[in-house]
Amino acid sequence: MASTAGRPGTVFFLSDFGTSDEFVGVVHAVIAARAPGTTVIDHTHHIPPFDVRAGSHTLVRAVPHLGPGVVLGVVDPGVGTARRGIGLEVALPAGGRMSFVGPDNGLLVAAAEAAGEAPISSVVELHRDAVPPDRGATFDGRDVFAPGAADLCRGTPLAALGEAIDPQSLHRLVGGVVEQGRLHDGRSCLRAEVTWVDHFGNLQLAATVADARVAGIPASGTIELTARMDTGRADLDGLPRSLVPDGVRLRCVEAFGELQQGEFGLLVDSNGHLAVVAGEASASHWLNVVAGELLTIAW
């Protein structure tokens, strides 16, 4: 993305490196050397290693609050393999452009389309320099993605960073499970995947507020959380069922503060998704649930 009015650019950086070694600092240094004056804003470097879905969800939650700039995402880049490094660009509805740089493993696509509110139309496969004979190709964050992000910040056109590729060829992640149904006793239910567990143990579900309205989940009162759903079909998605005991009650609330300490609730979080939460406690801990499991809400 070309800098606006000659000002240095901004890089929004997310990775699964962690911060116990030099990798994050080296990426910062490469960007600073190649595009002096660039601002680097760290989202997080504690995405679980190789967890592309967690990285994708993190970017999707972040992009509505970012301005024009370059999103640098490095999660499970597949270094030393045939996996492509990509750069893509979208126009922001409020003006300006946002570019995304990272591996073609599904990490970037959902966030880019959310930012641009439209399908991706401009993508390149990043040029990759030959690896010197005295070292291996094991650090794409430093050698491919950081230089690409820096070049975009200093005004290099996206087309100059690589060969154009078909946006339809980009790898996409499978969406989270959301299914409506009925239990054997006639009650309505919604089965949803836990897509993210935050620092406080709140369980974000793949189901959105729109899914809740279509399913008819009541806006007040209490509903039941269970690990079972009678769908009449075998589970083909390969996702584990939760160990939540049957009969856990969730109170439908609008804010965390409405819950008593240790009380479980269901609310719409700041990202428009349903979330199972606990008053002043970790819902993940007390319900024994992690990301990727399936929960069923019945009413």
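Tutor: Let us start with a definition: a residue is buried if its relative accessible area is under 20%, exposed if over 50%, and partly exposed in between (1.4 Å probe, protein chains only). This is a predicted model, so local features need pLDDT of at least 70 and side-chain atom pairs count only at pLDDT 80 or more, while totals for chains, interfaces and linings use all residues. Residues are numbered from 1 along each chain as its sequence is written, and side-chain values use heavy atoms, with hydrogens and water left out.

Student: Why is α4 called largely enclosed?

Tutor: Helices (H or I, at least four residues) and strands (E, at least two) are DSSP runs, numbered from the N terminus. Twelve of the 14 residues of α4 are buried, so the rest of the structure largely encloses this helix. Among the buried ones are Asp140, Phe145, Pro147 and Cys153.

Student: What covers the buried residues of α4?

Tutor: With contact taken as heavy atoms within 4.5 Å, the cover includes β1, α1, β3 (69-74), β4 (85-91), β5 (97-103) and β6.

Student: What makes Phe13 and Phe17 an aromatic pair, and of which kind?

Tutor: Rings of Phe, Tyr and Trp (its six-membered ring) pair if their centres lie within 6.5 Å; planes under 30 degrees apart count as stacked, over 60 as edge-to-face and the rest as tilted. In one of them, the centres of Phe13 and Phe17 are 6.4 Å apart with planes at 70°, so the pair is edge-to-face.

Student: How do you know whether Phe13 and Phe17 are buried or exposed?

Tutor: Phe13 has 0% relative accessibility and therefore counts as buried. Phe17, with a relative accessible area of 17%, is buried too.

Student: Which kind of pair do Phe17 and Phe139 form?

Tutor: Their centres are 5.7 Å apart and their planes at 85°, an edge-to-face pair. Phe17 lies in the loop between β1 (10-15) and α1 (23-34), and Phe139 in the loop between β6 (122-126) and α4 (140-153), so the pair ties together parts that are 122 residues apart in sequence. Phe139 is buried, at 8% relative accessible area. One aromatic cluster is formed by Phe13, Phe17, Phe23 and Phe139.

Student: What makes β9 and β10 paired strands?

Tutor: Two strands pair if DSSP finds at least two bridges between them. Strand β9 (residues 188-197) and β10 are joined by three bridges and run antiparallel. Val197 stands opposite Leu203 in β10, and Val194 opposite Leu205. Five residues lie between the strands of this hairpin, where Gly201 takes a positive phi near 85°.

Student: Which other strands pair with β9?

Tutor: Strand β8 (residues 178-182) is joined to β9 by five bridges, running antiparallel. Strand β15 (residues 294-298) also pairs with β9 in the antiparallel sense, over five bridges, and Leu295 in β15 is the bridge partner of Ala192.

Student: Why is β9 called largely enclosed?

Tutor: Eight of its ten residues are buried, so the rest of the structure largely encloses β9.
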